[in-house]
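Visitor: I am new to this structure. Please pick one part of it, take a close look, and tell me how that part sits in the whole.

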Amino acid sequence: MVSRAEADAFLLIIPSEVAHFTRDDNQQRKGGRGPRDNGSMAVIREQDLGKGRDAWHAWREAAEAVIGGISGEQARAGRLGVTPALPRPIMAMAVRYTLHLLERKAPGPGVEVRVAPWGAIKILDGPASDPHNLTPPDVIELDPDVWLRLAAGITTWSEEKQAGHISAVGERDDLSDLLPL
């Protein structure tokens with residue numbers, strides 16, 4: 001077992017971005033009294049919120065440019081295929097920022113929303129995960145482009161679900177009431 005003094009000494013040699021989680025913070029989170037009551041780590045750092053907002057704006061502008069050339073019967077199929085060609089860091093930041101918005105809109109431990117490889121959050125009230133599993137009973141998985149289309153209101157939950165773009169397990173597998181952001 002590592003003593004408190006040894007742990008504090010270790011924290012001095014690792015980067016400050018990592019060191020902000022101390023043992024006391026972790027103990028508070030386990031009891032549900034910490035800054036994030038659902039016990040999870042933030043999907044985006046507070047100092048990156050501005051970058052996230054800019055990335056989300058850039059994604060929406062790029063998506064609108066793609067949609068501008070779609071009309072008529074191709075519109076539905078075209079909307080389902082909107083995938084702006086943006087650099088990975090911008091895509092990642094846009095995903096993290098929009099997940100942050102959803103987490104603030106519907107906090108809770110009941111449903112896990114995963115947008116691999118860039119983020120996962122827990123939202124909505126309901127049964128929390130058990131201490132051995134850490135995964136709540138309801139899990140929704142989406143690709144980044146699908147998630148951003150839904151968050152922007154380009155497509156609807158039912159359109160993406162019918163197209164097979166959403167993997168959802170559990171009773172609460174529909175976020176249509178929370179989208180678009």
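Guide: Helices here are DSSP runs of H or I with at least four residues, strands are runs of E with at least two, and both are numbered from the N terminus. The model is a predicted one. Along the sequence the order is α-α-α-α-α-α-β-β-β-α-α-β, giving eight helices and four strands. Of the 181 residues, 34% count as buried.

The part to look at is the contact of two helices. Two packed helices are described by the angle between their axes and the distance between the axes. Helix α4 covers residues 49-67 and helix α7 covers residues 144-152; they pack at about 90 degrees, and their axes lie 11 Å apart. Angles from 65 to 115 degrees count as roughly perpendicular, so α4 is roughly perpendicular to α7. On the α4 side the residues are Trp56, Trp59 and Arg60, which meet Asp145, Leu148, Arg149, Ala151 and Ala152 of α7. Sorted by class, this contact has five nonpolar residues, three charged ones and no polar ones.

The largest nonpolar core has 35 residues, and Val113, Ile123, Leu142, Trp147 and Leu175 have the most contacts inside it. At least two of its residues come from each of α4, α6, β1, β2, β3 and α7, with α6 giving the largest share, eight residues. Leaving out residues up to four places away in sequence, Leu175 touches Leu102, Val113, Ile123, Leu124, Ile140 and Trp157. In soluble globular proteins, nonpolar side chains tend to be buried together.

Note on methods. Residues are numbered from 1 along each chain as its sequence is written. This is a predicted model: local features need pLDDT of at least 70, side-chain atom pairs count only at pLDDT 80 or more; totals for chains, interfaces and linings use all residues. Side-chain values use heavy atoms; hydrogens and water are left out. Axes are lines fitted to C-alpha atoms, for helices over the stretch in contact, and angles run from 0 to 180 degrees between N-to-C directions. Angles under 35 degrees count as roughly parallel, over 145 as roughly antiparallel, 65 to 115 as roughly perpendicular and the rest as oblique. Contact means heavy atoms within 4.5 Å. Ala, Val, Leu, Ile, Met, Phe, Trp, Tyr, Cys and Pro count as nonpolar, Asp, Glu, Lys and Arg as charged, and the others, Gly among them, as polar. Buried means under 20% relative accessible area, exposed over 50%, partly exposed in between (1.4 Å probe, protein chains only). A nonpolar core is a set of buried Ala, Val, Leu, Ile, Met, Phe, Trp, Tyr and Cys residues joined through side-chain atoms within 4.5 Å.
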